[in-house]
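My entries follow in the order in which I made them.

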Amino acid sequence: MEDEKIIELYWNRDEEALIQTNLKYGSYCYSIAYNILKNEEDGKECVNDTWFKVWTAIPPKRPSLFQAFLGKITRNLSLDRYRKSHSYKRGGKNLTLVYEELEECIGKNGADESIDTMIITDAITNFLTQLSHDARVIFVRRYWYADSIQQIAKRYALSESKVKSALMRSRNKLKDFLEKEGITV
């Protein structure tokens, strides 16, 4: 079913919207949640929480990119759940390592302040349009979907060292780009 029709079902408060959303985007949202949480049950719960959040968000929102809308909700819910269930005290450092890779570019607290977040988000979006398709895909798979180096290498039939090199080059370019944009970290 087309996204517009699914969204219209939400607007009409038809529960069929949830069924169609799950059919079309269930595995997509689950993969996002699982990559962050590394737990099957938590991943499934986050997807269910996503459906609830979408149900309450539409209406009044009418997302223009439904898949991205779902992905963002799933990712945010998964990150919230991850933060609640993991801390340095409990040894929860796996996901943190992914974002520590970006600290040299965006700073340790750069993503904590809402204005800084908006500025950095816009800058990163502009930066990504300047990368080659392959570099952009690798960057997004690592830092949006939280895929491991091994998962990215396997998905795109690359060596792990090639993925690591591509990520390092992209981070260096991002740091240079942010400095040229006047964004200091």
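I began with the contacts of T50, setting aside its neighbours within four places in sequence: L70, I73, T74 and L77 are in contact with T50. I took contact to mean heavy atoms within 4.5 Å. T50 has its place in helix α3. Helices here are DSSP runs (H or I, at least four residues; strands are E, at least two), numbered from the N terminus. T50 counts as buried because its relative accessibility is 0%. The classes are buried under 20% relative accessible area, exposed over 50% and partly exposed in between, with a 1.4 Å probe and protein chains only.

On sources, I noted that this is a predicted model, in which local features need pLDDT of at least 70, side-chain atom pairs count only at pLDDT 80 or more, and totals for chains, interfaces and linings use all residues. Residues are numbered from 1 along each chain as its sequence is written, and side-chain values use heavy atoms, with hydrogens and water left out.

The axes of α3 (residues 40–57) and α4 (residues 66–85) cross at roughly 125 degrees and come within 9 Å. Axes are lines fitted to C-alpha atoms, for helices over the stretch in contact, and angles run from 0 to 180 degrees between N-to-C directions. α3 and α4 are therefore oblique to each other. For angles, under 35 degrees is roughly parallel, over 145 roughly antiparallel, 65 to 115 roughly perpendicular, and the rest oblique. On the α3 side, the contact includes D42, W51 and V54, and on the α4 side F66, F69 and R81. By class I found 9 nonpolar, 3 polar and 5 charged residues in this contact of α3 with α4. Nonpolar covers Ala, Val, Leu, Ile, Met, Phe, Trp, Tyr, Cys and Pro; charged covers Asp, Glu, Lys and Arg; the others, Gly among them, are polar.

I then turned to a second pair. Helix α7 (residues 133–143) and helix α9 (residues 160–180) have axes that come within 10 Å and cross at roughly 90 degrees. These two helices, α7 and α9, are therefore roughly perpendicular to each other. A135, I138, F139, R142 and Y143 of α7 meet V163, A166, L167, S170, R171 and L174 of α9. I counted 8 nonpolar, 1 polar and 2 charged residues in the contact of α7 with α9.

Last, I noted the totals. The protein has 9 helices and 0 strands. Of its 185 residues, 41% count as buried.
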